[in-house]
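Biologist: I am new to this structure and would like to be taken through it. Could we look at it together, one part at a time?

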Amino acid sequence: KYFCSVGSSGINAEYGDLIGIGTRLFYSSPQDFASNKDAAVANAKVVIKQFSEALGNRSYFAGDNLSCTDFVVFETLDKWERFQPGILDIENISQFMRRIKELPTLQKYFSDPESTRNLPLNNKMANFK
């Protein structure tokens, strides 16, 4: 059985924080985006460190077995890595991201230049797409 709740992994608050930081920044006015970017990235780094602590030495967030939670967390962390390359340079987080990318059923998604992965991450109103 799979757990499909971020809360079941013990990272519910951190997940909400990371989503909120990104949403407030990405959908702010161009002026606010420019002036708040550094602070948002610094706040995101704090939350990503909390994700790292929650993950610990396990393979996945809900334990050693892959769960729906891992895909939800992966998507959010991946968005931050694409926005600020290097922000996920924490060993266990980097390994977690690699494990997801190396899943056999996702190989084509990550390697195909025509995949939806290459579409904008946010809608046209966002400052970061």
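This is a predicted model: local features need pLDDT of at least 70, side-chain atom pairs count only at pLDDT 80 or more; totals for chains, interfaces and linings use all residues.

Biologist: Where is the kink in H2 centred?

Modeller: The kink is centred on Asn-36 and amounts to about 55 degrees.

Biologist: Which residues of H2 are buried?

Modeller: The buried residues of H2 are Phe-33, Ala-40, Val-41, Ala-44, Val-47, Ile-48, Phe-51, Ser-52 and Leu-55.

Biologist: And what comes just after H2?

Modeller: Gly-56 does, and it takes a positive phi of about 60 degrees.

Biologist: Let us step back to the whole chain. How many helices and strands are there?

Modeller: The protein chain has five helices and zero strands. Along the sequence, the pattern reads α-α-α-α-α.

Biologist: What share of the residues is buried?

Modeller: Of the 129 residues in the protein chain, 37% are buried. The accessible surface comes to about 7,700 Å², and carbon and sulfur atoms account for 52% of that surface.

Biologist: Now the aromatic residues. How many aromatic pairs does the structure hold?

Modeller: It holds seven aromatic pairs. One of them joins Phe-33 and Phe-83: the ring centres are 6.0 Å apart and the planes are at 75 degrees, so this pair is edge-to-face.

Biologist: Which parts does that pair tie together?

Modeller: Phe-33 lies in helix H2 and Phe-83 in helix H3 (residues 68-83), so the pair ties together parts that are 50 residues apart in sequence.

Biologist: What other aromatic pair does Phe-83 form?

Modeller: Phe-83 forms an edge-to-face pair with Trp-80, at 5.7 Å centre to centre and with 85 degrees between the planes. Trp-80 is buried as well. Being three residues apart in helix H3, Trp-80 and Phe-83 are separated by about one helical turn.

Biologist: Which residues form the aromatic cluster?

Modeller: Phe-51, Tyr-60, Phe-61 and Phe-96 form one aromatic cluster.

Biologist: Where is Tyr-60 found?

Modeller: Tyr-60 is found in the loop between H2 and H3. At 10% relative accessibility, Tyr-60 counts as buried, because the limit for buried is under 20%.

Biologist: What sits over its ring?

Modeller: The charged end of Arg-99 sits over the ring of Tyr-60, 5.8 Å from the ring centre.

Biologist: What does Tyr-60 touch, leaving out residues up to four places away in sequence?

Modeller: Tyr-60 touches Leu-55, Asn-65, Leu-66, Asp-70, Phe-96, Arg-99, Ile-100 and Leu-103. As for Gln-95, Tyr-60 is 35 residues from it in sequence and 9.9 Å from it in space, C-alpha to C-alpha.

Biologist: What is Asn-92 in contact with, beyond its neighbours within four places in sequence?

Modeller: Asn-92 is in contact with Ser-52, Leu-55, Gly-56 and Arg-99.

Methods: Residues are numbered from 1 along each chain as its sequence is written. Side-chain values use heavy atoms; hydrogens and water are left out. The bend at a residue is the angle between axes fitted to the seven residues ending there and the seven starting there. Helices (H or I, at least four residues) and strands (E, at least two) are DSSP runs, numbered from the N terminus. Buried means under 20% relative accessible area, exposed over 50%, partly exposed in between (1.4 Å probe, protein chains only). Accessible areas come from the Shrake-Rupley method with a 1.4 Å probe; for residues, only the protein chains shown count as cover. Contact means heavy atoms within 4.5 Å. Rings of Phe, Tyr and Trp (its six-membered ring) pair if their centres lie within 6.5 Å; planes under 30 degrees apart count as stacked, over 60 as edge-to-face and the rest as tilted. A charge sits over a ring if NZ of Lys or CZ of Arg is within 6 Å of the ring centre and within 35 degrees of the ring normal.
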